[in-house]
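Below are my notes on the two-chain model, as numbered points. Please read them alongside the coordinates.

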Amino acid sequence: MTKTSIAAIAAARSGDKGEGSNVGILARSDQAYAFLKQHLTADVVREHMHAINNGGVKRFEADNMRVLNFLLEDSLGGGGSASLKTDAQGKTHGLAVLRLELDIPDDVLRSVKGN
Amino acid sequence: MSAKTAKDKVLIANGQGFWGDSILGPVRLVNEGPLDYLTLDYLAEVTMSIMQKLKSRRPEMGYATDFVTLIDRVLPQLVEKNIKVIANAGGVNPHACKDAVLEVIRKHGYEGIKVAVVEGDDILGDIDELMAQGQEFRNMDTGEPLPTVRDRVTSANVYLGAFPIAEALDQGAQIVITGRGTDPGLVIGPLIHEFGWSQDDYDKIAAGTVAGHIVECGAQCTGGNYTDWREVKDMARIGYPIIEASAEGSFVVTKHEGTGGMVTVASVTHQLAYEMGDPRNYITPDGVADFTSFTLEQDGPDRVRVTGVKGGPPTPTYKVSMSYEDGWKATGQLTISGPDALEKAQLCAQIVWDRLAFDGFEYADEERMVEFVGANVCHAGIDGSTANEPSEVVLRMGVKGPDRDKVNRFGPELVPLVTSGPPGVTGFAGGRPKATEIIGYWPALLSKELVEPRVTVFTS
């Protein structure tokens, strides 16, 4: 078990979705996906992103792509043209979620090439 | 449908991921390898509103002029290689766009080239009548009724589907100019035309939708904006994506040989996860695609095969994108050097708010913003993202609200910090920040039977 950022076992892509953002988390192996599906819940992401997102967080699963898709419902400072924020489109929210540290079992870490 | 012999494979590329994407994408696509169709997306949510404003000042404007520049640059190759072009460059004035394109074709001396216009998406002038017929146009996100903003609406466009594009191609168009339509529709249109797909070929339409979603942001599926960026080779010459489609609905995502970037299962999955809501219900006017249904596999270098896409029937409504005037905003920035960069930047921000308050201008918390760029703006509040004392920061401030004069009062108090604030304040090029209009976005639904897409073909 190693406490480390989930960037070791996942990649991410994010963008705007109305007044919120979507963060797709792409697991790097089947084991990593199973681990993230269990531990990277909507509540965990909401807590981690609390300073950026003022709304709720919804999670959707796409097993065929090993993707967990999170909708952060109020994360853009008003969204679109009304936002005064630098990242008004949530382009960097994926990398922010990847900074999350979890206790990741060694076999999950080893299942990812390069670790 | 198309009377000619159907091809086994059709090559469809997207060369423009958004308003402001590089012209090199489409220019290289027509030069660096084989291609049947080039699609180009020029319209963001707020673009239509900006175009309505341009058109109200000059009736011959209101479309993506970049598109005309591009056609001027690549027309000889398009003609020589018989590449067809589908672009939503028409904005709110597709006929003006078509006239400009025909003028370019004349200038190059080509005769007999067919240019089609797809329209019927612009319902700005019909809102009241449609409301009288019982259409509510409630905001899909908030549930608010339209009368809240009705008198401030500046554009209203239906997202049309792919079938009018296919019809234009059936009529022999080499260049198809549309107004608002779905992004995937630019790709599904030629597939319907080439393979004779019908409206109830739900799985095939869904496959076209997935293909269209993968390529709609240009290089974002070929290694652009990719987590493991060190793995991406030759990003300067990154290849734009090409769909190699088959009649039965499977397809390969690829790019031209010798271009930079990469097409891998991971690079394609990155894009599939972009701007995604519920992956089981990806709704377009042509059908509903299930993004959990298919399989991705590597099929040789820079080739990813997508098979097994499932879909369902379309919904009875079109999505409508409206924009409305939603107040004003102004933002500006200064660079503050060390020593003590962050502390001095914080002082500067306080000075600006205090001076504005002395003069009677106070901005509520939700009407003002301060960022210290370089000292953790993007990932504020995230563990592990806190920087050490930065050697310099960019102080970025802004205000917004319904009162234009009040928003404009902010700008003139920013630059004076250079001489009347702490030392090390610089970077004020660009003049005083001025109020710009905030354009609100209002998504809504409209019954399909009340919309009539129209296709007209013109010959040079």
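Which residue is the bridge partner of Ser337(B) in S16(B)? Glu392(B) is that partner. Point 5 returns to this strand.

1. Basis. This is a predicted model: local features need pLDDT of at least 70, side-chain atom pairs count only at pLDDT 80 or more, and totals for chains, interfaces and linings use all residues. Residues are numbered from 1 along each chain as its sequence is written, while chains are lettered from A and ligands numbered from 1 in the order in which they are written.

2. Chain B overall. Chain B has 12 helices and 19 strands. Helices (H or I, at least four residues) and strands (E, at least two) are DSSP runs, numbered from the N terminus. For 460 residues, a compact globule would have a radius of gyration near 23 Å; chain B has 25 Å, which agrees. That radius is taken over C-alpha atoms, and the globule rule is 2.2 Å times the number of residues to the power 0.38. Along the principal axes, the C-alpha atoms of chain B fill a box of roughly 75 × 55 × 50 Å. Of its 460 residues, 49% count as buried. Buried means that 20 or more other C-beta atoms, placed from the backbone, lie within 10 Å of the residue's own.

3. Domains. Chain B splits into domain 1 (9-121 + 159-315) and domain 2 (323-442). These bounds come from an automatic or database domain assignment. The centres of the two domains, taken over C-alpha atoms, are separated by 39 Å.

4. Strand S3 of chain B. In this strand (residues 84-87), Lys84(B) and Ile86(B) point one way, Val85(B) and Ala87(B) the other way, and all are buried. In a regular strand the side chains alternate between the two faces of the sheet. S3(B) pairs with strand S2 (residues 37-40) of chain B in the parallel sense, over 4 bridges. Pairing requires at least two bridges found by DSSP. Val85(B) is the bridge partner of Leu38(B). Strand S6 (residues 175-178) of chain B also runs parallel to S3(B), joined by 3 bridges. There, Ala87(B) has Ile177(B) as its bridge partner.

5. Strand S16 of chain B. In this strand (residues 392-401), 7 of the 10 residues are buried, so it is largely enclosed by the rest of the structure. Strand S14 (residues 317-337) of chain B runs antiparallel to S16(B), with 10 bridges. Strand S15 (residues 368-373) of chain B pairs with S16(B) in the antiparallel sense over 6 bridges. Val373(B) stands opposite Val394(B).

6. Nonpolar cores. A core is a set of buried Ala, Val, Leu, Ile, Met, Phe, Trp, Tyr and Cys residues joined through C-beta atoms within 7 Å. The largest has 147 residues; among those with the most contacts inside it are Ala10(A), Ile25(A), Ile177(B) and Val210(B). Helix H8 (residues 202-215) of chain B gives this core its largest share, 8 residues. Each domain of chain B supplies at least three residues. Apart from it lies another core of 17 residues, including Ala341(B) and Val425(B).

7. Chain contact. The contact takes 34 residues from chain A and 44 residues from chain B. Residues are in contact if their C-beta atoms, placed from the backbone, lie within 7 Å. S2(A) gives the most to the chain A side, with 5 residues. By class, that side has 13 nonpolar, 13 polar and 8 charged residues. Nonpolar covers Ala, Val, Leu, Ile, Met, Phe, Trp, Tyr, Cys and Pro; charged covers Asp, Glu, Lys and Arg; the others, Gly among them, are polar.

Technical notes
Two residues are in contact if their C-beta atoms, placed from the backbone, lie within 7 Å. A residue is buried if 20 or more other C-beta atoms lie within 10 Å of its own, exposed if 12 or fewer, and partly exposed in between; C-beta atoms are placed from the backbone.
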